Amino acid sequence: MKVEGFLDVLCDALGKEPGTLTCDDTPTTVEEWDSVGHLSIIASLDEELGVPVDNEGLRKFASIGELVDRLVARNALEK
Amino acid sequence: MTVGVGILGISYYLPQRVETNEHLQRQNPDWRMEDLYEKSGIAARHIAADGETASDMGYAAATRLLERPTFTPQDVDYLIFCTQSPDHFLPSGACALQNRLGLGRHVGALDVNLGCSGFVYGLQLAKALIGVDFADQVLVITADTYSKYIHPRDRTVRTLFGDGAAATLVGRTNQSGIGQFVVGTNGGGAGDLIVPGGGLRTPRSAETAREATDPAGCTRSADNLFMDGPAIFAFAITTVPRVVKTLLAKAKWSTDEIDRFVYHQANQYMLQHLAKRSKIPPEKMVIDVKTIGNTVSASIPIALQRGVESGTIHPGHKLLLVGFGVGYSWAACNVTWEATS
């Protein structure tokens, strides 16, 4: 999956319109990214990308860009 | 002729006081209770009164069970009390309950310190004790009052957990009853769901009582319950589907032939996700959290009994039970339901 497609997966997970998230977004800039929203993101990694989310690096991230970089490094996303 | 070990009956007890989402919203105007409800499926929880403990609730549940005409307290010869909110460090709550319930002095009694996996562990111990003729009837009491550990301003746990107790009688039956088990442990996750203070490692002090507010706006001290929600969620969605697969192979059952999946009632979102991951039809996944929340070790037996009372679980039904959580600890078993009382 390409990064753009993944951003839309995250929009869906957070209940936002497609195309409304960027790699610069953080829990502070996205109202829907609360504790439950964070669980939705983790669920989407499990469901849509099939990556093992018991890895701490894929549970704790401060921005979408940080998560994307980690997924790209694991070959789970294409830049 | 008896051929197996099964569940003879279950009773449960919920404290009188009910804390609704409306209560929590009034007390905490900054909490998005409607959004939380949409995900968790929890609208209310029962909260133990001041001075009401897990053993009090376990006693109430067990009394309701043993008062049934089909059961005789003197037939119980083993008592397992599972709680993480004991009355005292010592003696064990099981000893106090033996006396309070008027059980015989021949009874073996012990406490099990497990949370969400505790009920299935209790069934495993009960089946093993009966299987080797060390007991004929085992009373498994599961009870918890996590509310007493929870800081009122900690949204992550206060909105989820409710107090409750269940008493389950296990004995010899005419059917296969309780089947195979798969259990497991990963103590590496201990810090993700913990009350850090108050034990002998870190005794209560002014330091452990010091409150702090995290970046998400949740306040707690080391004397309170802490849960890393994302870590627990990730643990559950990676572990439970694997455990279920292993158990099905061991029991030689297929997903299709199971009538009801009765998992630890963590919250609706988790259960729906687990159902999706194991390709379980939504109507077969029991979700009963709306009015009681997550009642820890009592959640599976309460869901079973309420399923029986509402007509969704019948004698002959094939059930798959899975407990998972604090520890990390998990346990799963297959059961052919036969309790009729």
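Author: A salt bridge is a side-chain nitrogen of Lys or Arg within 4 Å of a carboxyl oxygen of Asp or Glu. The model is predicted, so local features need pLDDT of at least 70 and side-chain atom pairs pLDDT 80 or more, while totals for chains, interfaces and linings use all residues. Residues are numbered from 1 along each chain as written, chains are lettered from A and ligands numbered from 1 in written order, and side-chain values use heavy atoms, without hydrogens or water.

Reader: How many salt bridges are there between chain B and chain A?

Author: One pairing across the two chains is A:Glu47 with B:Lys276. Their closest N and O atoms lie 3.4 Å apart. The count between chain B and chain A is 4 salt bridges.

Reader: How many residues does chain A bring to the contact with chain B?

Author: Chain B provides 16 residues to the contact (heavy atoms within 4.5 Å). From chain A come 17 residues.

Reader: What share of the area that chain B buries against chain A comes from B:Arg32, B:Pro230 and B:Tyr269?

Author: Between them, the chains bury about 1400 Å² (accessible area lost on being put together, 1.4 Å probe, summed over both), with 60% of it on carbon and sulfur atoms. On the chain B side, B:Arg32, B:Pro230 and B:Tyr269 supply more than any other three residues, namely 29%.

Notes
Buried area = accessible area lost by both parts, 1.4 Å probe.
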